[in-house]
Amino acid sequence: SGINAEYGGDMLSGVTRGLVSSFRTCGVRSFSDVNSRFEAAQAKLNTLTEDPGNVAKLKIYGLFKQANVGPCNIPKPGGFNFVAKAKYDAWKGLGDMTQDEAKEEYISFVAELAGPEEEAPAEEAGEAPEAVAGLEVTCKEGVLTICLNRPEKFNALTWQMYTGIADSLSAYAEDPSVRVAVLTGKGKWYCAGNDLSNFTKNMPAGGPQEMAENGRKVLNHFCDALITFPKPLIAAVNGPAIGIPVTTLGLCDLVYCTDNATFKTPFVSLGQSPEGCSSYMFPRTFGFAKASEMLLTERQITAQEACDGGLVTRIFTQDRFRDEVDKVVKHMASLPPQSMRISKGLIRHEHTQKLLEVNARECEVLRERWLSDECMTAIMNFLNRKKK
């Protein structure tokens, strides 16, 4: 806008301009706390098309400095630097006004300059994905909950469930009504991993080659959706977990589990290889020795071991699990969403591209493993043992 282009460099620091840009891009208007409303007022200032005049600009400048720094703490400019003197007087004239008072005054003055706000059209939410058997997807009070709902199959994942989870995360990634997402399971299990019937039922016309390639694409899409989801992603592990629900915990921001949860990754015995970016994340979480023990010897670990190793954030007793997780989730949903999103981006920034590369490599290796005699024999032997 004309205001920002002409005077924004003096009024807003580079960091603040970046935040303002993020708020404007995501359509954020205002929040209940003063800091969020102050940032929203800065975004609104950028939308002004008419120049408010030098007097208003100086007032905005003084209030902005008072709000961010406090009372004027610089020496009065000398010589013939009239612009610097005018800015100094605008800031100095606010005296001992507190930073919060300056923010409130700034907010009110920008609103006065902007005039009555026109009714804005409702922001369109992302198109909700189609319902998928075995998944229960709900959005309520800023929380997207994706619940694995196949308790009779220990919440084992079908190809359709993988796609449904990925599509849900993608659909709500930019939806302003969703501030945090939760993955959890129905019943006594969190998830028993792959439903191995994925490899034996409904063989496509292209045979095993097409089946393996389709599986690679599904798994790649699934893990990419976890890696790139821009909002806090919480795993609420309500019981035992085997395979991919274990490996992908490293792609979540917070992991809470019950005290009876266990974690196991039996890839080698099924002729397969690590996925979910575990070949990269587990050594960085547990250290190479412990990671190798989990991924190569298939040792099952307890909730306490997972927590001590850094895979799990906190453990709750089974009777308190849902209530305690709900408290955390509701608290996070009440926080300024753009601040949360920006903070997650900073935490994950250095690893995101690497994780996408690791995921692509792991999925390609798995495609090859699925076509190997070793893997096919191991899966058939496992299914035959289950029938007995």
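Mentor: Let us begin with Leu251, which sits in the loop between helix 9 (244–247) and strand 6 (254–258). Bear in mind throughout that this is a predicted model. Is Leu251 buried or exposed? Its relative accessible area is 3%, and because the cut-off for a buried residue is under 20%, Leu251 counts as buried.

The surroundings of Leu251 come from several parts of the sequence. Leaving aside neighbours within four places in sequence, Leu251 is in contact with Cys223, Leu226, Ile227 and Leu233, and also with Gly276, Cys277, Arg348 and Leu355. A further point of reference is Asp224, which lies 27 residues from Leu251 along the chain, with 9.6 Å between the two C-alpha atoms.

Cys277 belongs to the loop between strand 7 (262–264) and helix 10 (278–286), and it is buried, with a relative accessible area of 0%. Its backbone has a positive phi of about 65°, although the residue is not a glycine. Most residues other than glycine have a negative phi. Glu141 is found in the loop between strand 1 (135–140) and strand 2 (143–148), but its setting is an exposed one, with a relative accessible area of 64%, whereas Cys277 is buried.

The largest nonpolar core has 67 residues, and Leu169 is one of the five that touch the most other members, along with Ile165, Leu219, Val237 and Phe263. Helix 8 (residues 207–228) gives the most to this core, with nine residues. In soluble globular proteins, nonpolar side chains tend to be buried together.

Helix 8 also takes part in the lining of the largest cavity, to which strand 3 (180–185), helix 8 and helix 9 each supply at least two residues. That cavity has a volume of about 130 Å³ and is lined by 14 residues, of which Leu183, Tyr190, Phe222, Pro245 and Thr248 lie nearest its centre. The count of cavities of 30 Å³ or more comes to two.

Helix 14 (residues 337–370) is the next element to follow, and Arg367 lies in it. What does Arg367 touch beyond its neighbours within four places in sequence? Its contacts are Gln209, Ala212, Glu213 and Arg216. Arg367 has a relative accessibility of 19% and therefore counts as buried, the cut-off being under 20%. Gly345 is found in helix 14 as well and is partly exposed, with a relative accessible area of 37%. The C-alpha atoms of Gly345 and Thr228 are 9.6 Å apart in space, while the two residues are 117 apart in sequence.

To set this part within the whole, the protein has 15 helices and nine strands, and buried residues make up 46% of its 388 residues. Among contacts with a separation of 6 or more, 75% join residues 24 or more positions apart. The protein exposes about 19600 Å², of which carbon and sulfur atoms supply 52%.

Finally, a word on confidence. The pLDDT averages 87 over the protein, and 87% of the residues score at least 70. Over residues 1–32, however, the pLDDT is below 50, and this stretch has 69 contacts in the model beyond near neighbours in sequence. Residues 118–125 also have a pLDDT below 50, with seven such contacts for that stretch. Where pLDDT is low, the predicted coordinates should not be read in detail.

How values were computed
Residues numbered from 1 in each chain as written. Predicted model: local features only at pLDDT ≥ 70, side-chain atom pairs only at ≥ 80, totals over all residues. Heavy atoms only, no water. Helix = DSSP H or I, 4+ residues; strand = E, 2+ residues; numbered from the N terminus. Buried < 20%, exposed > 50% of the residue type's maximum accessible area, 1.4 Å probe, protein only. Contact = heavy atoms within 4.5 Å. Areas by Shrake-Rupley, 256 points an atom, 1.4 Å probe, with all protein chains shown as cover. Core = buried A, V, L, I, M, F, W, Y, C linked by side-chain atoms within 4.5 Å. pLDDT = per-residue confidence, 0-100. 1 Å grid on protein atoms, 1.4 Å probe; cavity = no way out; pocket = protein on both sides within 12 Å on 5 of 7 lines; lining within 4 Å. Points joined across faces, edges and corners; volume = space filled by probe spheres on them.
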